[in-house]
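These are notes for a colleague who will look over the model with some care.

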Amino acid sequence: MTEKVLSKQNLNIFINTLLSRGEEIVGVKKKEGKYAFGKIADAEEVCLDYDITLLPPSMYLLPQREALLKFNIAERPVASPVIEANPFILFGVHPYDIKAIELLDTAFSTDNLDTNYLSRREAATIIGVDCLNPNPNAFCPSMDTAFTDKGYDLLLTDIGDSYVIAIGSERGQALLKGCPDTQEATQVELKRKEEERQKALGQYKVALDTPLEKLPQLLDKSWNSSLWEERSEACLSCGSCVMVCPTCFCFDVQDDIELDLVEGERYRQKDACMLVDFAAVAGGGNFRDDKTSRYRHRMYRKGKYIMERFGKPGCVGCGRCASACLAEIASPAETFNLMRGESK
Amino acid sequence: MTKNLSEGKSLYLPRVAEITSIETIAQKEKLFEFKFQDSKELGHKPGQFVEISIFGIGEMPISISSSPTKKGAFELAVRAVGDVTNALHRLSKGATVGIRGPFGNGFPVDEFTGKDLLFIAGGIGLFPLRSLINYVVDNRKNFGRLIILSGSKTADERMLVNELERWQVMEDVELLETVDIGNEKWGGTIGPVTTLFSQIEIIPQNTFAVTVGPPVMYKFVIGECQKKGIPDERILMSLERRMKCGVGKCGHCQINGVYVCQEGPVFSYARIKKDKLTEAL
Amino acid sequence: MKPKIGFFDFTSCEGCQLEVLNFEGELVELLKLVDIVNFREAMTEKSDDYDIAFIDGAITTEAGISRIKKIRKQAAVLIAMGTCACLGGINCLKNFRTMEENLKIVYGDAAHYYDTIPARPVDAVVPVDYYLPGCPMNKDEFITLVKALLLNKKARLPNYPVCVECKLAGNVCVFEKGETCLGPVTRAGCKAICVTSGRHCWGCRGLVNDPNIDSEKEILQKHGLTTADILERFRHFNGYLEVSK
């Protein structure tokens, strides 16, 4: 499809037009010197030159807490499914987060279709924006997530006074039809887009020493490394790394009942393998009861298990975990590089 | 995303089943029989499990104790250890629960055809094995010898005693029992379940070993099976993990990269070694 | 039969009982399920026939010891409500002085009229069935616990640190703002209310089951606290614990 160009001023008008049409837009806003996704009320709030958001946009597709069933236990217990999905636009998603969403799409549609996730996903229109200002802990080029040519409906690239817009779907194209000020992108503009992307690639400070496709093999040899214990020594089991991760999708399921003790809901909520009780079983006993085995499991998920299972990397290199970890041990790139150093 | 993906049913909605009988097995163990309200079969294989729901309390994975040859109803033998199992124990006949499943791979019963079968149960490992044992008993001519080794902590903690006695008197079933700690009531073998291996003779090339019991037991049982010459591909075990969702999503049951609720709970020792499932045993 | 509930105060600000009165709508719902038979802060009638006892406050007197033992004998279920009852809380600050000093500072010449012993949590004297930590205790946890008791279900506190809830709340980390925080070792359940309101975590809910204290101390030091500062920080609410000694 041909790419379009839209001036920055007209993009704001476009956003406000969508809002006035009643579209729900979730976009990136400033928050105490950082950035966070949130509901947009006016185009002025939208930041598109951010480095990274505190939490990933995937939380709008797999909410931190989500009802799965409603039940009533008055006489004979009855239950009915809850599937909530209202159309919305996820605006300004970076390519690594788009790739993370693609992993969730795969995970929630492989073997068993998770209609709760898939319905919400279908209701989402994704407008991406190229990340030209990477977070210092990010290593996206190593994970092949710095750019993407799919997974979005529209993708913007900032070329100075305007955005080049790539159209990724019919839905994206239809959306853009409501924006009369777009022009066909010229060769000059497309060249500038390419230059901006190249400039961004030069700004990443962290890189993986191992080619992405060799990560599973590297980890295959590293199970008994003493580095796991050394690295995890300072681990607080605080879950910060996994709570901010765009590719972590594990959850717990619980029942909650109203004070009438009759009506209630079964819900799922975010849970993660770095938390102490994640692998505990009912009869007592915990299959990962020490921080080293939990730490190692997370790294294997990021570098091996997910890739082998779903054919996509379990880490998109966004660097959120490394930024969130007070013990400074969470970066998968750093860990994999240490493993590689050791295995040489 | 294509549209049809989101149009399926909820993965998490249980079917309604009624408790049609309850039998007390021991102090903390009961055998429940269930019938689906829509009269459909569970349609399971021995070794599979279901997720049982008591709404307001929660959901819990329980292995199926009845053989698929039992029609119209299925059974779960349940030890009361947590919220859901305790709540289930408080229910009476006629009460309804939610059931999802069956889940998991189950035992490869087709591969067992014509083979001698050596089953090794520890404690309530007998509950899931009961499904397989009765399946074999009900299709007796399809299989070779059936040897059952069953270990209990004490004579008072022998599970499914009626069932053990039923198998004991069958001519084509060889049942050997042991208890960890003997007392005056117990005239049989004393020691861990592995003690019984010295009392049996098998043809290893023609034998499948299947073991279910507490995690600590497996290493020893595998060792004994290997000593008998049974190849690793034919040493099978059922691994217990926290199978929360049952549908390969929630991540709790993972052993290394494997989702036990999807690819397990039954694994051969060969598979555990080949896939480097270092967290399995 | 509705279970009978009693509230009993020991050494505390009684703020946790006030929290119960602040339930408003939920209190009406709650009263359909239980009978409150003893609640000094809210009613004049009182009965010693109760099934569930909620204890507000730390044990700081000899008289308190015999009284809590009596309550334990009567109550089928005993719940420590709030940081003082669960951990000893702020009361334990006095444990770092002699009792004579404390009496003199507080009561001056009248010191000899008063009985005081080192402050301690309820479970240092009698077994406690459930804990509702927090200063003040958390309303949602209180209601969840009551529902769990009525449903015959075990109520469990989260066994992960405040960081989990703080991250999910989308907060900027306190350490990134140049301040320090006990969130990484403190039991969650408060939805990181203090950080979300622009402050930091003081550890009022006590520690998780297996806190990495060494790592936390190292991090606090790296962010500018001295050993003395760190000790003071832990003593604020967790003075009864080893970490404060």
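1. A residue is taken as buried if 20 or more other C-beta atoms lie within 10 Å of its own, as exposed if 12 or fewer do, and as partly exposed in between, with C-beta atoms placed from the backbone. On that count C:Glu24, with 7 C-beta neighbours inside 10 Å, is exposed. The residue has a positive phi of about 55° although it is not a glycine, and C:Glu24 sits in the loop between helix 1 (15-21) and helix 2 (25-33) of chain C. Helices (H or I, at least four residues) and strands (E, at least two) are DSSP runs, numbered from the N terminus.

2. Before going further, please note that this is a predicted model, in which local features need pLDDT of at least 70 and side-chain atom pairs count only at pLDDT 80 or more, while totals for chains, interfaces and linings use all residues. Residues are numbered from 1 along each chain as its sequence is written, and chains are lettered from A and ligands numbered from 1 in the order in which they are written.

3. Chain A also has a residue other than glycine with a positive phi, namely A:Glu32, where the value is near 40°. A:Glu32 lies in the loop between strand 2 (25-31) and strand 3 (34-39) of chain A, and is exposed, with 12 other C-beta atoms within 10 Å.

4. Two cis peptide bonds deserve a look. One joins B:Gly264 and B:Pro265, with omega about 5°, and B:Pro265 belongs to the loop between helix 5 (260-263) and strand 15 (266-268) of chain B. Another runs from C:Cys135 to C:Pro136, with omega near 0°, and C:Pro136 is in the loop between strand 5 (130-132) and helix 6 (139-151) of chain C.

5. How do helix 10 and helix 12 of chain A pack? Helix 10 (residues 291-310) and helix 12 (residues 332-343) of chain A meet at an angle of about 85°, and their axes are 11 Å apart. This makes helix 10 of chain A roughly perpendicular to helix 12 of chain A, where angles under 35 degrees count as roughly parallel, over 145 as roughly antiparallel, 65 to 115 as roughly perpendicular and the rest as oblique. The axes are lines fitted to C-alpha atoms, for helices over the stretch in contact, and angles run from 0 to 180 degrees between N-to-C directions. A:Met299, A:Lys302 and A:Gly303 of helix 10 of chain A make the contact with A:Pro332, A:Thr335 and A:Phe336 of helix 12 of chain A, contact being C-beta atoms, placed from the backbone, within 7 Å.

6. Strand 3 (49-54) of chain B is mostly covered, as six of its six residues are buried. Which residues lie on each side of strand 3 of chain B? B:Phe49, B:Glu51 and B:Ser53 are on one side, B:Val50, B:Ile52 and B:Ile54 are on the other, and both faces are covered. In a regular strand the side chains alternate between the two faces of the sheet.

7. Strand 3 of chain B pairs in the antiparallel sense with strand 4 of chain B over six bridges, and four bridges join strand 3 of chain B to strand 6 of chain B, which also run antiparallel; pairing requires that DSSP finds at least two bridges between the strands. B:Glu51 is opposite B:Pro61 in strand 4 of chain B, while B:Ser53 has B:Gly98 in strand 6 of chain B as its bridge partner. The hairpin of strand 3 and strand 4 of chain B has three residues between the strands, and there B:Gly56 takes a positive phi near 95°.

8. Helix 1 (residues 83-90) of chain B has as its buried residues B:Asp83, B:Val84, B:Thr85, B:Ala87 and B:Leu88. These buried residues pack against strand 3 (49-54), strand 4 (58-63), strand 5 (74-79) and strand 6 (96-103) of chain B.

9. Between chains, 37 residues of chain B are in contact with 44 residues of chain A. On the side of chain B that touches chain A, strand 4 of chain B gives the most, with three residues.

10. The domain assignment of chain C gives domain 1 (4-151) and domain 2 (162-244), with bounds from an automatic or database domain assignment. The centres of the two domains of chain C, taken over C-alpha atoms, are separated by 25 Å, and 17 residues of domain 1 of chain C are in contact with twelve residues of domain 2 of chain C.

Definitions and conventions:
Two residues are in contact if their C-beta atoms, placed from the backbone, lie within 7 Å.
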